Amino acid sequence: MIKYNLICKCGKTFESWFSSSDSYDTLWKKKLINCIYCNSTSVKKSVMAPNLFSKTNKISKNTKLKKKMKKQLLNLRKYIEKNCKNVGDNFSHEVRSIHYDKKTSKGIYGTATPEETTELIEEGIDVTTIPWVNKSEN
Ligand SMILES: [Zn+2]
């Protein structure tokens, strides 16, 4: 479906849906497009760029995007699990000891409350919160 903004010689504009740009052309040539205000057939497209509308495409695109994002997040999770040490609830404690001792360069991951995270960032510690996707869920 294509939505066109139509403008009439009476100065009014209105929107109308057509199954395709060809169908608009056909109807227009046969003078079958009438102004909804004055019934005149002296109407034309006021905007050249049509708005494409397809509900199904929109949905499948979103699902695709979600799947792609999830895959990326899963890869990120796998990477973190492989390369970083899980410190669980001790995250803010561990991250501080690494930051101030500078003994280890190994990354860690774990959980922290939003307050703890804010504190760490205020202390100049480079922490990032990432969405932790569940592997089992589809
Ligand atoms: Zn009109």
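Colleague: What does the chain average in pLDDT?

Modeller: The chain averages a pLDDT of 82, and 83% of the residues score at least 70, where pLDDT is the predictor's confidence in each residue, from 0 to 100. This is a predicted model, in which local features need pLDDT of at least 70 and side-chain atom pairs count only at pLDDT 80 or more, while totals for chains, interfaces and linings use all residues. Residues are numbered from 1 along each chain as its sequence is written.

Colleague: And where is confidence lowest and highest?

Modeller: Confidence is lowest in strand β4 (residues 51-52), with a mean of 50, and highest in α1, at 91. Helices (H or I, at least four residues) and strands (E, at least two) are DSSP runs, numbered from the N terminus.

Colleague: OK, strands then. How many bridges join β1 to β2?

Modeller: Six bridges join β1 to β2 (residues 13-18), and the two run antiparallel; strands count as paired if DSSP finds at least two bridges between them. Y4 has S16 in β2 as its bridge partner, and in the hairpin of these strands, which has four residues between them, G11 takes a positive phi near 100°.

Colleague: What about β1 and β3, in which sense do they pair?

Modeller: They pair in the antiparallel sense, over three bridges, and I7 stands opposite K44 in β3.

Colleague: Switching topic, which residues make up the largest nonpolar core?

Modeller: The largest nonpolar core has five residues, namely Y4, L6, C8, I33 and V43. Strand β1 (residues 2-8) gives the most to this core, with three residues. A nonpolar core here is a set of buried Ala, Val, Leu, Ile, Met, Phe, Trp, Tyr and Cys residues joined through C-beta atoms within 7 Å. A residue is buried if 20 or more other C-beta atoms lie within 10 Å of its own, exposed if 12 or fewer, and partly exposed in between, with C-beta atoms placed from the backbone.

Colleague: What is C8 in contact with, neighbours within four places aside?

Modeller: C8 is in contact with C35, Y37, C38, S40, S42 and V43, contact being C-beta atoms, placed from the backbone, that lie within 7 Å.

Terms used. Two residues are in contact if their C-beta atoms, placed from the backbone, lie within 7 Å.
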